[in-house]
Amino acid sequence: MTNHKFLVVATSNPGKLKEMQVYLQDLGWELQLKPAELEIEETGETFIANACLKASEIAKATGEWSIADDSGLMVDALDGQPGIYSARYGSSDADRISRLLRELGSEQNRGAQFVCAIAIARPDGTIALQVEGICRGEILHSPRGTGGFGYDPIFYVPAQQQTFAEMTPDIKRLYSHRGQAFQSLLPQIDKIVK
Ligand code: IMP
(Lines give C-alpha, C1' and ligand atoms only; values in the text may rest on other atoms or scores of the structure.)
Protein backbone atom coordinates (compact mmCIF):
# COMPACT_ATOMS: atom_id res chain seq x y z
CA MET A 1 0.00 0.00 0.00
CA THR A 2 1.54 3.32 -1.05
CA ASN A 3 -0.85 6.11 -0.28
CA HIS A 4 2.14 8.13 0.75
CA LYS A 5 3.69 9.27 -2.54
CA PHE A 6 7.41 9.37 -1.90
CA LEU A 7 10.33 9.36 -4.35
CA VAL A 8 14.08 9.41 -3.77
CA VAL A 9 15.72 11.62 -6.40
CA ALA A 10 18.85 9.97 -7.77
CA THR A 11 20.95 13.15 -7.67
CA SER A 12 22.99 14.99 -5.08
CA ASN A 13 22.26 18.25 -6.88
CA PRO A 14 19.73 20.31 -4.82
CA GLY A 15 19.01 22.38 -7.97
CA LYS A 16 17.65 19.33 -9.75
CA LEU A 17 15.56 18.39 -6.71
CA LYS A 18 14.06 21.87 -6.70
CA GLU A 19 13.27 21.71 -10.41
CA MET A 20 11.58 18.30 -10.07
CA GLN A 21 9.58 19.59 -7.09
CA VAL A 22 8.06 22.32 -9.29
CA TYR A 23 6.55 19.60 -11.49
CA LEU A 24 5.62 17.01 -8.87
CA GLN A 25 4.62 18.68 -5.63
CA ASP A 26 1.24 19.85 -6.91
CA LEU A 27 0.42 16.18 -7.50
CA GLY A 28 1.21 15.42 -3.86
CA TRP A 29 4.60 13.80 -4.37
CA GLU A 30 7.23 14.20 -1.69
CA LEU A 31 10.80 14.16 -2.98
CA GLN A 32 14.00 13.52 -1.12
CA LEU A 33 17.66 13.73 -2.22
CA LYS A 34 19.56 10.45 -2.37
CA PRO A 35 22.05 9.78 0.44
CA ALA A 36 25.29 11.62 -0.46
CA GLU A 37 27.47 8.53 -0.04
CA LEU A 38 25.56 6.64 -2.75
CA GLU A 39 27.41 7.43 -5.98
CA ILE A 40 26.23 5.77 -9.21
CA GLU A 41 28.63 5.76 -12.14
CA GLU A 42 26.98 6.74 -15.44
CA THR A 43 28.20 3.84 -17.56
CA GLY A 44 25.26 3.76 -20.02
CA GLU A 45 25.61 4.71 -23.67
CA THR A 46 22.33 6.62 -23.95
CA PHE A 47 20.47 9.17 -21.82
CA ILE A 48 17.68 6.69 -21.13
CA ALA A 49 20.14 3.94 -20.15
CA ASN A 50 21.81 6.27 -17.65
CA ALA A 51 18.50 7.48 -16.20
CA CYS A 52 17.31 3.87 -15.76
CA LEU A 53 20.63 2.83 -14.24
CA LYS A 54 20.59 5.64 -11.67
CA ALA A 55 16.91 5.19 -10.72
CA SER A 56 17.30 1.42 -10.41
CA GLU A 57 20.47 1.45 -8.29
CA ILE A 58 19.16 4.14 -5.92
CA ALA A 59 15.82 2.34 -5.53
CA LYS A 60 17.54 -0.93 -4.63
CA ALA A 61 19.96 0.76 -2.23
CA THR A 62 17.26 2.74 -0.39
CA GLY A 63 14.34 0.31 -0.70
CA GLU A 64 12.18 3.22 -1.94
CA TRP A 65 10.72 4.31 -5.28
CA SER A 66 13.27 6.43 -7.11
CA ILE A 67 13.33 8.99 -9.94
CA ALA A 68 16.40 9.89 -12.02
CA ASP A 69 17.11 12.05 -15.03
CA ASP A 70 19.96 12.28 -17.47
CA SER A 71 20.32 15.13 -19.91
CA GLY A 72 22.65 16.82 -22.30
CA LEU A 73 23.21 18.71 -25.51
CA MET A 74 23.61 17.01 -28.92
CA VAL A 75 25.11 19.14 -31.68
CA ASP A 76 24.27 18.04 -35.25
CA ALA A 77 27.58 19.06 -36.87
CA LEU A 78 29.55 17.31 -34.09
CA ASP A 79 27.75 13.99 -34.66
CA GLY A 80 25.67 14.44 -31.53
CA GLN A 81 28.52 15.37 -29.21
CA PRO A 82 28.88 16.24 -26.34
CA GLY A 83 25.70 14.16 -25.74
CA ILE A 84 25.91 11.97 -22.66
CA TYR A 85 29.30 13.56 -21.96
CA SER A 86 27.84 17.09 -21.67
CA ALA A 87 28.66 17.43 -17.97
CA ARG A 88 32.16 15.98 -18.48
CA TYR A 89 33.02 18.16 -21.52
CA GLY A 90 34.94 20.70 -19.43
CA SER A 91 35.62 21.66 -15.84
CA SER A 92 33.19 24.61 -15.63
CA ASP A 93 30.20 25.96 -17.58
CA ALA A 94 32.45 28.63 -19.17
CA ASP A 95 34.97 25.94 -20.11
CA ARG A 96 32.34 23.68 -21.66
CA ILE A 97 30.84 26.57 -23.66
CA SER A 98 34.19 27.75 -25.03
CA ARG A 99 35.20 24.20 -25.98
CA LEU A 100 31.94 23.71 -27.85
CA LEU A 101 32.24 27.05 -29.69
CA ARG A 102 35.86 26.25 -30.55
CA GLU A 103 34.98 22.82 -31.94
CA LEU A 104 32.09 24.20 -34.00
CA GLY A 105 34.22 27.10 -35.29
CA SER A 106 32.61 28.79 -38.28
CA GLU A 107 30.46 25.74 -39.15
CA GLN A 108 27.27 26.92 -40.87
CA ASN A 109 25.09 24.08 -39.61
CA ARG A 110 24.33 25.25 -36.04
CA GLY A 111 21.43 22.82 -35.37
CA ALA A 112 21.36 21.11 -31.98
CA GLN A 113 19.01 19.54 -29.46
CA PHE A 114 18.78 19.22 -25.72
CA VAL A 115 17.60 15.79 -24.58
CA CYS A 116 16.27 14.77 -21.17
CA ALA A 117 15.49 11.20 -20.15
CA ILE A 118 13.60 10.46 -16.92
CA ALA A 119 13.12 7.04 -15.32
CA ILE A 120 11.18 5.89 -12.25
CA ALA A 121 12.16 2.63 -10.54
CA ARG A 122 10.28 0.46 -8.05
CA PRO A 123 11.95 -0.46 -4.74
CA ASP A 124 13.15 -3.75 -6.28
CA GLY A 125 15.00 -1.83 -9.01
CA THR A 126 12.67 -2.66 -11.90
CA ILE A 127 11.75 0.27 -14.14
CA ALA A 128 8.12 1.41 -13.85
CA LEU A 129 8.24 4.35 -16.26
CA GLN A 130 10.65 5.97 -18.72
CA VAL A 131 10.18 9.07 -20.87
CA GLU A 132 12.29 11.35 -23.05
CA GLY A 133 11.91 15.03 -23.96
CA ILE A 134 13.66 16.92 -26.75
CA CYS A 135 14.08 20.62 -27.52
CA ARG A 136 15.51 21.66 -30.91
CA GLY A 137 17.49 24.88 -31.28
CA GLU A 138 20.63 26.48 -32.67
CA ILE A 139 24.09 27.12 -31.26
CA LEU A 140 24.97 30.82 -31.34
CA HIS A 141 28.49 32.09 -32.09
CA SER A 142 28.73 33.77 -28.68
CA PRO A 143 26.82 33.59 -25.36
CA ARG A 144 23.67 35.66 -24.73
CA GLY A 145 21.78 36.09 -21.44
CA THR A 146 22.53 35.48 -17.79
CA GLY A 147 19.82 33.10 -16.56
CA GLY A 148 19.79 29.31 -16.33
CA PHE A 149 22.89 27.14 -16.22
CA GLY A 150 25.17 24.98 -18.34
CA TYR A 151 24.98 25.59 -22.08
CA ASP A 152 21.91 27.89 -21.77
CA PRO A 153 23.62 31.11 -23.03
CA ILE A 154 24.53 29.58 -26.43
CA PHE A 155 21.31 27.60 -27.03
CA TYR A 156 18.88 29.70 -29.11
CA VAL A 157 15.23 28.76 -29.64
CA PRO A 158 14.00 30.36 -32.90
CA ALA A 159 10.27 30.07 -31.97
CA GLN A 160 10.87 32.31 -28.93
CA GLN A 161 13.78 34.30 -30.43
CA GLN A 162 15.70 33.89 -27.19
CA THR A 163 18.42 31.71 -25.72
CA PHE A 164 17.52 29.52 -22.73
CA ALA A 165 19.58 31.98 -20.65
CA GLU A 166 17.37 34.90 -21.78
CA MET A 167 14.09 33.14 -20.91
CA THR A 168 12.24 33.37 -17.60
CA PRO A 169 12.11 30.00 -15.80
CA ASP A 170 8.44 29.62 -16.80
CA ILE A 171 9.16 30.17 -20.50
CA LYS A 172 12.20 27.89 -20.40
CA ARG A 173 10.01 25.18 -18.84
CA LEU A 174 7.53 25.53 -21.71
CA TYR A 175 10.18 24.74 -24.34
CA SER A 176 12.86 22.79 -22.52
CA HIS A 177 13.70 19.12 -22.91
CA ARG A 178 13.06 18.66 -19.15
CA GLY A 179 9.67 20.39 -19.46
CA GLN A 180 8.78 18.16 -22.42
CA ALA A 181 9.84 15.02 -20.55
CA PHE A 182 7.74 15.97 -17.52
CA GLN A 183 4.76 16.70 -19.76
CA SER A 184 4.88 13.06 -20.94
CA LEU A 185 5.54 11.76 -17.45
CA LEU A 186 2.90 13.59 -15.42
CA PRO A 187 -0.22 11.97 -16.94
CA GLN A 188 1.31 8.52 -16.33
CA ILE A 189 2.89 8.86 -12.91
CA ASP A 190 -0.18 8.39 -10.73
CA LYS A 191 -1.02 5.17 -12.55
CA ILE A 192 2.23 3.38 -11.68
CA VAL A 193 2.09 3.50 -7.89
CA LYS A 194 -0.79 1.49 -6.57
P1 IMP B 1 23.51 15.37 -15.99
O2 IMP B 1 23.50 16.00 -14.63
O3 IMP B 1 24.33 14.15 -16.12
O4 IMP B 1 22.11 15.20 -16.53
O5 IMP B 1 24.30 16.42 -16.89
C6 IMP B 1 23.67 17.22 -17.78
C7 IMP B 1 24.63 18.26 -18.34
O8 IMP B 1 24.08 18.68 -19.59
C9 IMP B 1 24.71 19.49 -17.45
O10 IMP B 1 25.87 19.52 -16.69
C11 IMP B 1 24.73 20.62 -18.47
O12 IMP B 1 26.04 20.87 -18.87
C13 IMP B 1 23.95 20.07 -19.64
N14 IMP B 1 22.52 20.42 -19.53
C15 IMP B 1 21.48 19.60 -19.26
N16 IMP B 1 20.32 20.29 -19.23
C17 IMP B 1 20.64 21.56 -19.49
C18 IMP B 1 19.87 22.78 -19.59
O19 IMP B 1 18.63 22.83 -19.42
N20 IMP B 1 20.57 23.89 -19.87
C21 IMP B 1 21.91 23.90 -20.06
N22 IMP B 1 22.68 22.83 -19.95
C23 IMP B 1 22.05 21.66 -19.68
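Visitor: How do the residues of the shell around the ligand divide into nonpolar, polar and charged?
Guide: The shell has 4 nonpolar, 5 polar and 6 charged residues, where Ala, Val, Leu, Ile, Met, Phe, Trp, Tyr, Cys and Pro count as nonpolar, Asp, Glu, Lys and Arg as charged, and the others, Gly among them, as polar. This is a predicted model, in which local features need pLDDT of at least 70 and side-chain atom pairs count only at pLDDT 80 or more, while totals for chains, interfaces and linings use all residues. Residues are numbered from 1 along each chain as its sequence is written, and side-chain values use heavy atoms, with hydrogens and water left out.

Visitor: Which of the 15 residues come nearest?
Guide: Lys16, Ser71, Asp152, Lys172 and Arg178 come nearest to the ligand, and a residue is near if one of its heavy atoms lies within 4 Å of the molecule.

Visitor: And what lies 2.5 Å from a nitrogen atom of the ligand?
Guide: That is a polar side-chain atom of Asp152, a polar contact being a pair of N or O atoms within 3.5 Å. From the backbone, Tyr151 places an N or O atom 3.2 Å from a ligand nitrogen, and a polar backbone atom of Ser71 is 3.0 Å from a ligand oxygen. The protein buries 89% of the 480 Å² that the ligand exposes when taken alone, with accessible areas from the Shrake-Rupley method with a 1.4 Å probe.

Visitor: Which element supplies the largest share of that shell?
Guide: Strand β3 does, with 3 residues, and both β3 (66–75) and α5 (177–192) supply at least two each; helices (H or I, at least four residues) and strands (E, at least two) are DSSP runs, numbered from the N terminus.

Visitor: Switching to the sheet, what is the strand order?
Guide: The 7 strands form an open sheet with mixed pairing, in the order β2-β1-β3-β4-β5-β6-β7. Its edge strands, β2 (30–33) and β7 (162–163), each pair on one side only, where pairing requires that DSSP finds at least two bridges between two strands.

Visitor: How many bridges join β1 to β2?
Guide: Strand β1 (residues 6–9) is joined to β2 by 4 bridges, and the two run parallel; Leu7 stands opposite Leu31 of β2.

Visitor: Last topic, which peptide bond is cis?
Guide: The bond from Gln81 to Pro82 is cis, with omega near -5°, and Pro82 lies in the loop between β3 and α3 (93–104). Asp79 is found in the loop between β3 and α3, and its phi is near 55°, a positive value in a residue other than glycine.

How values were computed: A polar contact is a pair of N or O atoms within 3.5 Å; within protein, one must be able to donate a hydrogen and the other to accept it, and residues adjacent in sequence count only if both atoms are side-chain atoms.
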